[in-house]
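Welcome! Let's take a friendly walk through a protein model, one topic at a time. Have the structure ready so that you can follow along.

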Amino acid sequence: MIDQLSPFWKKLIPTKFPFGGDLKRRMPIPDFFCKEGITVVIHSAVGIDGIVKTISSTISNSDDFNKEVKSVGIVFDADFGKNNVQKKFIEIRKALNGILTLPDQPGMISNEGLLTGVYILPDNKSDGTLEDLLLLCAEKNYNALKIGATNFIDGIDIEGIGEEKREFKKPAGKKKAIVGCIGNVLKPGKSIQVSIQDNKWVDGETIIIDNIEAFNDFIVALLELE
């Protein structure tokens with residue numbers, strides 16, 4: 001669908017394969033969503049260093065960035081640790097100093113020329129990840145599946161899988177496993193991203209959940225949809 005993109009956005013699409021010389025690496029092409037004159041571009045990046053590098057390269061490769069782009073939002077997981085939300089916010093704000101003007105707190109929108117904001121999942125104050133929000137949605141729309149998936153995961157002898165339990169033993173491991181089970185019932189063999197896109201994780205029933213509504217309000221304000 002490249003013909004549907006403006007020349008400005010085509011600059012974000014790599015033109016050489018393999019990217020970075022790695023034959024197995026996925027080409028880092030953003031997701032593009034276009035409707036009624038608005039284009040939303042979602043760049044995936046790993047970690048704060050990856051976010052900073054992606055934003056910096058996008059801005060530096062676009063002479064007319066401030067003319068073409070209205071908003072920049074940054075979303076990532078809080079994960080786990082003492083004062084982790086505030087530490088991560090200070091880190092991203094410091095790393096982007098001179099590149100973007102970010103608001104004073106996560107969840108807020110800065111309007112100094114360019115609309116910018118940082119949202120740290122699940123709620124800009126608590127430890128956790130995206131899965132915390134997805135489980136809230138599942139409790140509303142797929143509660144029977146959530147109960148069954150939780151019982152299944154709880155019944156597994158994790159110690160019996162030896163060293164391979166390392167990922168599961170991480171703070172968010174169990175929640176990720178439960179979400180994965182639910183997703184695989186709804187979309188067998190597909191990634192959880194496909195299930196989120198195709199199924200009713202986020203819809204009219206779940207959008208009114210406090211933490212989901214807060215995130216939605218952030219996106220609406222960032223994109224000036226109201």
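Let's begin with Leu 96: setting aside its neighbours within four places in sequence, this residue is in contact with Val 52, Ile 55, Ile 74 and Leu 102. Keep in mind that this is a predicted model.

**The nonpolar cores**

- Leu 96 belongs to the largest nonpolar core, which has 24 residues.
- Which residues touch the most other members of this core? They are Ile 74, Ile 92, Leu 96 and Val 118.
- Two or more residues each come from helix 1 (7-10), helix 2, strand 3, helix 4 and strand 5.
- Helix 2 gives the most to this core, with four residues.
- Another core, of 17 residues, lies apart from this one, and its members include Tyr 119, Leu 135, Ile 178 and Phe 218.

**Helix 4 and its buried face**

- Helix 4 runs over residues 84-95, twelve residues in total, and spans 16 Å from its first C-alpha to its last, close to the 16 Å expected at 1.5 Å a residue.
- Its buried residues are Asn 84, Val 85, Lys 88, Phe 89 and Ile 92.
- Looking down the axis of helix 4, you would find these buried residues within an arc of 130 degrees, so they line one face of the helix.
- Here is a handy rule: an α-helix has 3.6 residues a turn, so residues three or four places apart point the same way.
- Covering the buried residues of helix 4 are, among others, helix 2 (47-60), strand 3 (71-77) and strand 5 (114-121).

**Cysteines**

- How many disulfides does the structure hold? The count is zero.
- For Cys 137, the closest cysteine sulfur is in Cys 181, and at 17 Å it is too far for a bond.
- Cys 137 counts as buried because its relative accessibility is 1%, and buried means under 20%.

- Phe 17 and Pro 18 are joined by a cis peptide bond with omega about 0 degrees, and Pro 18 sits in the loop between helix 1 and strand 1 (31-35).
- A cis peptide bond also links Leu 121 and Pro 122, with omega about 15 degrees; Pro 122 is found in the loop between strand 5 and helix 5 (130-141).
- In the loop between strand 3 and helix 4 you will find Asp 79, a residue other than glycine with a positive phi, near 65 degrees.
- Asn 83 lies in the loop between strand 3 and helix 4, and its phi is positive too, near 55 degrees.

How values were computed. Residues numbered from 1 in each chain as written. Predicted model: local features only at pLDDT ≥ 70, side-chain atom pairs only at ≥ 80, totals over all residues. Heavy atoms only, no water. Expected span 1.5 Å × (residues − 1). Buried < 20%, exposed > 50% of the residue type's maximum accessible area, 1.4 Å probe, protein only. Arc of directions from axis to C-beta. Contact = heavy atoms within 4.5 Å. Disulfide = S-S within 2.5 Å. Core = buried A, V, L, I, M, F, W, Y, C linked by side-chain atoms within 4.5 Å.
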